[in-house]
Structures are given as C-alpha cells and as structure tokens.
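Reader: Before I look at the model, please take me through the terms used for it, and tell me for each one how the value meets the rule.
Author: Gladly; here it is.

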Amino acid sequence: MKRIGVLTSGGDAPGMNAAVRAAVRTGLSMGMEVYGIERGYEGLLDGEMEKMEWHSVGDILQRGGTILRTARSERFRTEEGQKHAVDMLETFGIEGLVVIGGDGSFHGGLELARKGVAVMGVPGTIDNDLAYTDYTIGFDTAVNTVLAMISNLRDTASAHERTTIVEVMGRSCGDIALYAGLAGGADVILVPEVEPDINMVCRRVLRGQQSGKLHSIIVKAEGVKISSAELASVVEKKTGRETRFVVPGYIQRGGTPSGRDRLLASMMSSKAVKLLFNDEQSKAIGINGSDIVAYDLADALDMKSEFRKDLYDIAETLA
Ligand code: F6P
C-alpha cells in the first residue's frame, strides 16, 4: 500500500491528536504517503484532504481536540454518500483508511470496508463503549477530569453541608461514572447498566449524614433514566439536606491527554498503519490486558459489552 488516509470522526476525545501523529509518522517511516482528511466523513465527501508531512503533526501530542477536526456526517449515513466516499478515495488514490472515532464512526468504516476499502478502526471516544477493547483513547483523561471536578465539588459541598450530584457523559455506557465514582470515593454511583433505586440512594445519603459526613457525592451517568434535576429534588425532599446537581458536559471532552491516553493512541495507530502496510483486511484495533490486538471489524462491532460488576461491587463496599 502506497497511500493512506487518516480521519477523526464523531465526538472528539483527548488523545486523538496523538493518534493522528502516530498514524502519519508511522506511515511516513514506512515509505507511504499519508493524507489527513478534515472533518471526518463529511470532509471525505467534500474532498477536504491534504498530504501530511512529518512536521504537519509536530507539537500536537499534548493537545486535546483534533487538528483534523471532526463531524457527525448525516450525508455519509446514506448509501449514496458511502458510494461517493469510495469514489473520493479512488480519486485521491487512497488505498487504506485509518478511522479514529467511536461506535458510529466504526459502523461507517464497516460500510466502506464492505465496498472494498481497507479500513482500520482506532477507538477514540471518552465513552469507553466499544465492547471489543478494554479501553478507548480519551477515556482515561475524561475520568481524570471528572476526578478533579469531584475534588472541587467536595470542598464546597462540605462547606455548605450539601449533597452534590455530578452527571457525567458516556451515552448508554456507565464507565466514566463507574471509574470516576470509584476512584473519587463517591457515596453513590448510578449507571445505566444497573436499575436505579432511589430509596437506596436516599438511605445511603442519610446514613452518611447520620455518621457525621458533611457532604455526599453522587456520580450519575447521563444514560440513567432519571434526570439530575428530578433526582436532586427527590433526594433533597427525602433526606432534608440541600441537594444540587452539576453537569460538566463538554469540559470532560477537552484538555491535555493523560500519559495513558497518549500511549494507547501511539500504540494503536501505529499498529493500524502497519496492518495497512501489510495489506491486511479491515480491522478494529484495541487493547486486551497489556496487548494491542486487532479483530475483524465486523466481528468487533458484534461483540457485547460486559459491565464491570466487579468494580461496581468494590465501589459499593467502599462507599
Ligand atoms: O460520544 C462522546 C459524547 O461526548 C457522549 O458522551 C455524549 O453523549 C455525546 O458525545 C455528546 O454529543 P455531541 O457532541 O453531539 O453533543
């Protein structure tokens, strides 16, 4: 393979730049030409791409966001759009594609793969919701960002003797809430994978109050089917303690990537490009334990997520 493309797609994640850098520099070091495609599949459809050089990806390793920019492309969801994307790749002579993104981006990549394009999926999403890999790029940074926020909230919640609900991102996956809740010592963790029990939440808060705790922290994933406002109102009524909620939103998606995310990004992207160089079929790159792995793209997307009940149980015991 002589010429490959790289794009970032869907919600950005810290570490995407590190993944772009690794894709470009691995490709160049193997004698390939690497094209950076802007604004994900949207830019591919419009032919927005340029040849990347070694220095094109200088000084980006430590930056959040993505220098290639990203988009959620409606046009690309259609059969017509996908055919046009294949035509564009042919026009530019691009034989293989590194897609850095989440579930939706991988499904888009699979459609291209079915039309004969060699696609390597590199998991870039803060949600950690791709079943085939232990971790996705950006998740670790997002968890650490939430941890810093929990720390700040603890100070002010204690000062006012309040209960604070922190609503974190993750779509229908509770991993950000679970990991940040456990590492941040939350009193209650609410995730979509476990049916919420509001009475239990109130009992836990009351138990803390009765034992002299000045505050309670509840970490709730956005995918839990009760709004934070509603939950705050019920908890306040039932416990008699002022209850506030905070939705940090996009703050979780920005910021300098953690060392772990930079490492993951560098290892995964470099694997993706080496597989393209060897003319491999489309794959999803992931990490299993400490091993970088590559699964057939369609098989990877068929895998079902397993909730980390072990972590949830530890959090329950330690709360
Ligand atoms: O997939 C990443 C993510 O940040 C989710 O956690 C969140 O639900 C969603 O994207 C927000 O999407 P948008 O950027 O379109 O508002």
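Reader: How much space lies in the largest cavity?
Author: About 40 Å³ of space lies in the largest cavity. This is a predicted model, in which local features need pLDDT of at least 70 and side-chain atom pairs count only at pLDDT 80 or more, while totals for chains, interfaces and linings use all residues. Residues are numbered from 1 along each chain as its sequence is written, and side-chain values use heavy atoms, with hydrogens and water left out.

Reader: What makes a space a cavity?
Author: On a 1 Å grid over the protein atoms alone, a cavity is a set of points where a 1.4 Å probe fits but cannot get out. Grid points are joined across faces, edges and corners, and the volume is the space filled by probe spheres set on the points. By this rule the count comes to one cavity of 30 Å³ or more.

Reader: Why are β7 and β9 said to stand at the edges?
Author: Two strands pair if DSSP finds at least two bridges between them, and four strands form an open sheet with parallel pairing in the order β7-β8-β6-β9. Both β7 (188–190) and β9 (243–246) have a single partner strand, so one side of each is left without a neighbour in the sheet. Within this sheet, β6 (residues 163–168) and β8 (residues 216–221) are joined by six bridges, and Glu167 has Lys220 in β8 as its bridge partner.

Reader: Which strands stand at the edges of the seven-stranded sheet?
Author: That open sheet has mixed pairing and the order β3-β2-β1-β4-β5-β10-β11. Its edges are β3 (49–51) and β11 (291–296), each with a single partner strand, so one side of each lacks a neighbour in the sheet. Strands β1 (residues 3–8) and β4 (residues 96–101) pair in the parallel sense over five bridges, with Thr8 opposite Ile100 in β4.

Reader: Why is Gln82 called buried?
Author: Buried means under 20% relative accessible area, exposed over 50%, and partly exposed in between (1.4 Å probe, protein chains only). Gln82, in helix α3 (residues 79–91), is at 5% relative accessibility and therefore counts as buried. Leaving aside neighbours within four places in sequence, Gln82 is in contact (heavy atoms within 4.5 Å) with Phe76, Arg77, Glu111, Leu112 and Lys115.

Reader: Is Tyr250 buried or exposed?
Author: Tyr250 lies in the loop between β9 and α9 (259–277), and its relative accessible area of 62% makes it exposed.

Reader: What is said of phi in Asn128 and Arg171?
Author: Most residues other than glycine have a negative phi. Asn128, however, has a positive phi near 55°, and Arg171 has a positive phi of about 50°.

Notes. Helices (H or I, at least four residues) and strands (E, at least two) are DSSP runs, numbered from the N terminus. On a 1 Å grid over the protein atoms alone, a cavity is a set of points where a 1.4 Å probe fits but cannot get out, and a pocket is an open set with protein on both sides within 12 Å along at least five of seven lines; lining residues have an atom within 4 Å of a point.
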